[in-house]
Amino acid sequence: MSTTSDRSPATDSDRLIQRPLPPELLMRGDDPFSPPPGLDRLHERAAVSPVELLNGARIWMVTGFAESRAVLTDERFSADTHRHPNAMQLTPNQVVEQRAAAAAGRGGCPATEQQRTDGLFIFMDPPEQTRLRRLLVGQFTVRRMRALEARVREITVEHIEAMRAAGPRADLVSAFALPLPSLVICELLGVAYEDRAEFQERSAVAVNLDASDEERLHAQAGLYEFMRGLVADKRTHPADDLISGLVHGDADPALTDEELVDLSTMLLGAGHETTANMLALGTYALLEHPEQLAALRADPGLIDTAVEELLRYLSVIHTGPVRVAVEDLVLGDVTIPAGDTVMISLPEANRDTGQWPDPAELDLTRVRNHHLAFGHGVHQCLGQQLARVELRIGLAELLARLPGLRLDASPADIGLRTGMIIYGVHSLPVTWD
């Protein structure tokens with residue numbers, strides 16, 4: 001399902017990859033569920049700290065909860081990487097040029113006024129972001145979400161029963177955690193089941209911080225062409241799916257092919273990568289906290305608070321969000337100059353002792369758990385309720401249908417996705433009674 005296009009996604013790739021981050025801010029310590037020790041040290045010093053990137057640029061790492069919420073709700077912090085490129089996008093030579101311009105009095109926050117034609121609304125500011133987000137919100141109807149909830153349960157049970165039939169051992173990632181959200185988002189968007197393997201392979205490379213630029217660009221180009229073919233198909237063969245709704249909806253002005261492809265590609269990636277890693281890493285965390293697992297098995301009614309606590313405790317988006325200050329401003333006790341980049345550390349913000357008692361502890365009974373796992377403000381995750389449904393049903397059915405579920409490998413042998421934008425495990429060998 002591909003067509004040719006003269007558009008290259010090269011300008012978009014650096015918006016997604018935070019390659020210049022120092023390794024100590026990515027590498028985990030002995031506890032795979034806790035933030036990197038380097039981030040802990042930053043947070044101990046201040047809620048907002050300067051960090052020098054590998055490309056020579058400086059950013060401000062935000063580790064405090066209140067400060068993170070402030071960034072996400074303050075319109076003076078821009079998400080628009082088209083008009084306001086952030087420090088992670090710069091080459092070392094561009095960093096030198098930027099510093100020279102600042103020394104010559106030409107610093108601040110320069111912006112291009114070129115009209116945007118893409119649909120990458122997560123990298124936009126209002127009003128452009130508002131227009132596209134509203135169109136998507138209109139497609140997340142109550143009817144569609146209820147129908148998807150039923151399918152989530154069907155897909156969940158099918159995959160667990162397939163594991164049992166082939167058991168009593170499996171890799172939970174490939175057998176369950178990846179296919180469940182992948183199939184659900186494919187149904188939401190109208191992607192054929194047989195096309196999911198191509199999508200998963202390209203998506204995994206596109207978000208891999210350890211992959212080469214060439215590999216990432218090739219994967220992103222493949223995803224873009226895949227979605228271009230899907231949009232073209234929905235124009236001539238509409239169905240009851242989200243892409244068809246966007247193509248044939250009442251948007252004014254009508255969405256262009258470029259906007260539709262960008263929107264669809266973002267949803268396809270966001271709709272499976274984060275939830276897949278939460279399912280696998282969440283199960284791993286439960287298996288490594290037997291007292292919490294026992295409490296959930298004893299009281300399945302805890303599943304809602306358990307899901308919220310796992311979202312807070314694990315914070316699988318461990319590099320970002322990223323914003324650029326469009327004017328001089330004060331954040332916490334720090335003055336952020338116009339043009340400077342800030343990065344929010346969700347793993348640290350979601351463990352702020354000023355917000356939660358004993359935040360380093362996993363407590364499935366924790367209430368009033370107002371975490372930032374889905375972001376905050378105008379860019380808060382659109383699909384958060386669907387993600388909650390997948391996590392709630394997926395984890396509950398796993399525990400109910402696989403008695404005695406436990407690791408089938410030493411924790412030291414579990415490979416961690418520290419080199420990827422979304423944290424998790426590469427595989428999770430499990431067994432059951």
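Predicted model: local features only at pLDDT ≥ 70, side-chain atom pairs only at ≥ 80, totals over all residues.
Residues are numbered from 1 along each chain as its sequence is written, and side-chain values use heavy atoms, with hydrogens and water left out.

Student: How many aromatic pairs are there by the ring-centre rule?

Tutor: Rings of Phe, Tyr and Trp (its six-membered ring) pair if their centres lie within 6.5 Å, and planes under 30 degrees apart count as stacked, over 60 as edge-to-face and the rest as tilted. By this rule the count comes to 3 aromatic pairs.

Student: What kind of pair do F33 and Y313 form?

Tutor: The centres of F33 and Y313 are 6.5 Å apart, with 35 degrees between the planes. F33 lies in the loop between α1 (10-16) and α2 (37-45) and Y313 in helix α14 (residues 303-314), so the pair ties together parts that are 280 residues apart in sequence; helices here are DSSP runs (H or I, at least four residues) and strands likewise (E, at least two), numbered from the N terminus. By the angle between its planes, the pair of F33 and Y313 is tilted.

Student: Is F33 buried or exposed?

Tutor: Buried means under 20% relative accessible area, exposed over 50%, and partly exposed in between (1.4 Å probe, protein chains only). Because its relative accessibility is 4%, F33 counts as buried.

Student: Which charged residue sits over the ring of Y313?

Tutor: A charge sits over a ring if NZ of Lys or CZ of Arg is within 6 Å of the ring centre and within 35 degrees of the ring normal. The ring of Y313, which belongs to one aromatic cluster with F33 and Y284, has a charged end 4.2 Å from its centre, and that end belongs to R351.

Student: Which residue of β2 stands opposite V48?

Tutor: Two strands pair if DSSP finds at least two bridges between them, and 5 bridges join strand β1 (residues 48-52) to strand β2 (residues 58-62), which run antiparallel. The two strands form a hairpin with 5 residues between them, where G56 in the turn has a positive phi of about 95 degrees. Opposite V48 in this pairing stands V62.

Student: How many of the 11 residues of helix α8 are buried?

Tutor: Helix α8 (residues 179-189) is largely enclosed by the rest of the structure, and its buried residues include P179, L183 and L189. Of the 11 residues of α8, the number buried is 10.
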